[in-house]
Amino acid sequence: MAKVKELEEDALTIARKEIASQKDANVKLVAELILVRKELAFQDEEKGKRAAELGTANIELAYQKEEKGKRAAELGIANIELAYQEEEKEKRAAELGIADKELAYQDEEKGKRAEELGIANIELAYQDEEKGKRAEELIIANKELAFQNEEKEKRAEELIIANKELAFQNEEKEKRAEELGIANKKLVFENKEKEKRAAELGVANKKLVFENDEKGKRAAELVIANKELVFQNDEKEKRAAELVIANKELALQSEEKEKRAAERGERTEELIIANKELAFQNEEKEKRAAELGVANKKLVFENEEKEKRAAELVIANKKLGLESEEKERRATERGKRAEELVVANKELAFQNEEKEKRAAELVIANKKLAFENDEKEKRAAELGIANKKLAFENEEKEKRSDELGVANKELAFQNEEKEKRAAELVIANKELAFQNDEKEKRAAELGVANKKLVFENDEKEKRAAELGVANKELAFQNEEKEKRAAELGVANKELAFQNEEKEKRAEELSIANKELLAFTYISSHDLQEPLRKIQTFVSIISSKEDKNLTENGKYNFQRIQLAAGRMQLLIDDLLAFSRIATTELKFEKTDLHLIIEEVKAELKDTISEKHATIEAIELCEANIIPFQFRQLMYNLISNALKFSNPDKPSHIIITSRIEKGSTLDNEKLSPGKNYCHITIKDNGIGFEPHFSERIFGVFQKLHSKETYAGTGIGLAIVKKIVENHNGIITATSELKKGATFDIYIPAN
Amino acid sequence: MRYIFLADDDADDCTFFEEVLQDLPVQAQLTIVNDGVELMKTLDETVFEPPPPHVIFLDLNMPRKNGFECLDEIRQNPRFKEIPVVIFSTSDNNETVDKTYNQGANHYIRKPGSHAALKKVIATVLDLELWKQPTKTPRSKFLLML
């Protein structure tokens, strides 16, 4: 039993330690899980951010792609325009060998264009750099994502292993709990068995107590019997004393009788013999009586001892009864012992009965002692033997009862210990059951958490895979973009090279043009003064020296005046033309009405002379260089007046409106842009349609200088001004059916 | 009596001007200076005797100090800023006309190519009696056309 207890204790201690260590492990695992979940949540957030950044980056890339496309389209358009301008330049260079004033404009345009291209190239280079950086950042971001995914997979694997371990530990604990449950059931069963035995022992003890009571009664009866025996013995001693007295009297009587016998003779001898025999019998009786007295004293002593023993047995039995009530197990052994006691008691009872019989016999024998001491001796000897046996048996009983007392104390202690153990086991089982419930709950939660984790990991892997695909696509797109950027870079370098070449040429041309224009301007300006003086002196002579001149002289002076006038016109027009090409271009929103009114005021005399009407209708504001546009209007209106039909009054209609390029039937106009469309229509002499281009050339005239004065520069200036406004001008006419000039200037 | 200043380095033009002025039915005293430095010096010295000019005809292209500089100085100086100035130049390009208009000149004449035209334009200027009109000339009437 003690070994079993030790084993159970050891098992409990180990189980508790395991539970404690598992609790610690569980707490650590839960803490780790919380950390892992936090990390996962953080990584999810990071992924979300990264995905958002990637999204933004993709949008930016897409936007840059669009911008590049636009830029490329613009470059394409710019290149087409450049090519177109180059063609135009060549045409103009052919047209105008002397003054490449158009080139000057184109040079400026090229310079601007080149600057724009330069800026565009710098922007492209910047965008390429940005893309490179973005691509590098994306690569780093992808590496980080891949690393995070690996870490997550490792963590997930570790968690799976940890969960398996937990599941295994839970199974082990459940097994242990089941074993403990079985052990407890065994203990409970054993306790029940012990309780049954204790109950049985209680019953047996009650029987023993009852039997002891019975023995006490018997012992009390034996004491009374012994007192009676003592009384009888006293009576016997008195009788023996009386018999001694009687014998002395008899001896006296016998002496008397001897005396008498001596006197009598024969009879006396017989009496002496009879007395000797009596004396011998009396001596024998006295010896026996003394022996009986001793025997009685022993009996009395033995009875007293028995009473004491019986009283002690009663106390011992009472103690046994009390102890038996508390101690309930060992019942079977006790039962056996009790049975043995019962047997012993029965023997005792039997012996007591025997003693009673013997005591009765002794009473009889004592009564008979007076007559039969022989029987008494035998009986006394037998009693002595029986008493010795009784004493021995009592000693045995005492030993047994001592042993039983010790055994009962041990049993009681063991019962208490077992109950304590059972109570502790019950608590331990409850704790185990609670811990098992908690563990099962925890295991269930962990299972759910693991499923979630697995699901989240799957989702993350999917996302990572999608991101990977997206990144590959991005990388591919980046490569494509880089290729395209590289191609564009090459194209740009070629363009830049071509632009440089063009710029060089443009610069050279520009320098040449400037020199030319400066020359033109200075020469024209400086030519004016001597010419004016010639004119003035001629005018003075022809007015003041008129009388001194011959008719031929007068005519020649008139010819000088005319030539000088023509020269002045030429110089003026050349100056105007060169000024148009060299002056700064300042665009302003201007009301065309104002300009036309100014021009009308300037041409007031001619208008009235020609009886002309100028209608300005539907005029809009236009973004123009005001003084140039005034020149343009002046040239066109004065042209219309100059080439008016002499047979009818001149009628000039000027209109302007904003129209879309697509609605205007001219392939040089961009369909998407708005244009200010200005029309100057007259009812003059017009010109043949095939001259519609030629009339815009410098020094191009359709009439002799005699019929229509002019230098042939006026419309060239007009065209130049329209080009300065980035517009185009067309002339349509038929001979004698008037002419229409259409001007298209970009609006805004 | 009209006191008229002509600042012009061209001797012929000065002669033409002088002749035309003599032909005009106006009592005028012409003071001719041949460059800007001389003009400013004369203006400074002749504020009281002779009296300040009724009008200055100012050529632009002159040595030492050109017409633009003179115009600036005249308009900056409180003593001269009210004196009418008529630009008298060979060229009539827009920039120059605009510039002198903004500088505060009263009118702009392009030197004409005939005696008659010159006479007409000087007569026109004198008829305007600019010294009586302190108001600024509108841009559209700044350039005197013949």
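A residue is buried if 20 or more other C-beta atoms lie within 10 Å of its own, exposed if 12 or fewer, and partly exposed in between, with C-beta atoms placed from the backbone. A nonpolar core is a set of buried Ala, Val, Leu, Ile, Met, Phe, Trp, Tyr and Cys residues joined through C-beta atoms within 7 Å.

This is a predicted model: local features need pLDDT of at least 70, side-chain atom pairs count only at pLDDT 80 or more, and totals for chains, interfaces and linings use all residues. Residues are numbered from 1 along each chain as its sequence is written, and chains are lettered from A in the order in which they are written.

Start inside. The largest nonpolar core has 55 residues. Among those that touch the most other members are A:Phe577, A:Leu636 and A:Val718. Helix H6(A) gives the most to this core, with 8 residues. (Helices, H or I of at least four residues, and strands, E of at least two, are DSSP runs numbered from the N terminus.) Another core, of 32 residues, lies apart and includes B:Leu43 and B:Ile109.

Now take strand S6 of chain A, residues 728–733. A:Ile729, A:Ala731 and A:Ser733 point to one face and are buried. Strand S7(A), residues 739–746, runs antiparallel to S6(A), and 6 bridges join them. (Strands pair if DSSP finds at least two bridges between them.) A:Thr732 has A:Thr740 as its bridge partner.

Finally, the chains meet. 18 residues of chain A are in contact (C-beta atoms, placed from the backbone, within 7 Å) with 14 residues of chain B. H5(A) gives the most to chain A's side, with 10 residues.

Methods: Contact = placed C-beta atoms within 7 Å.
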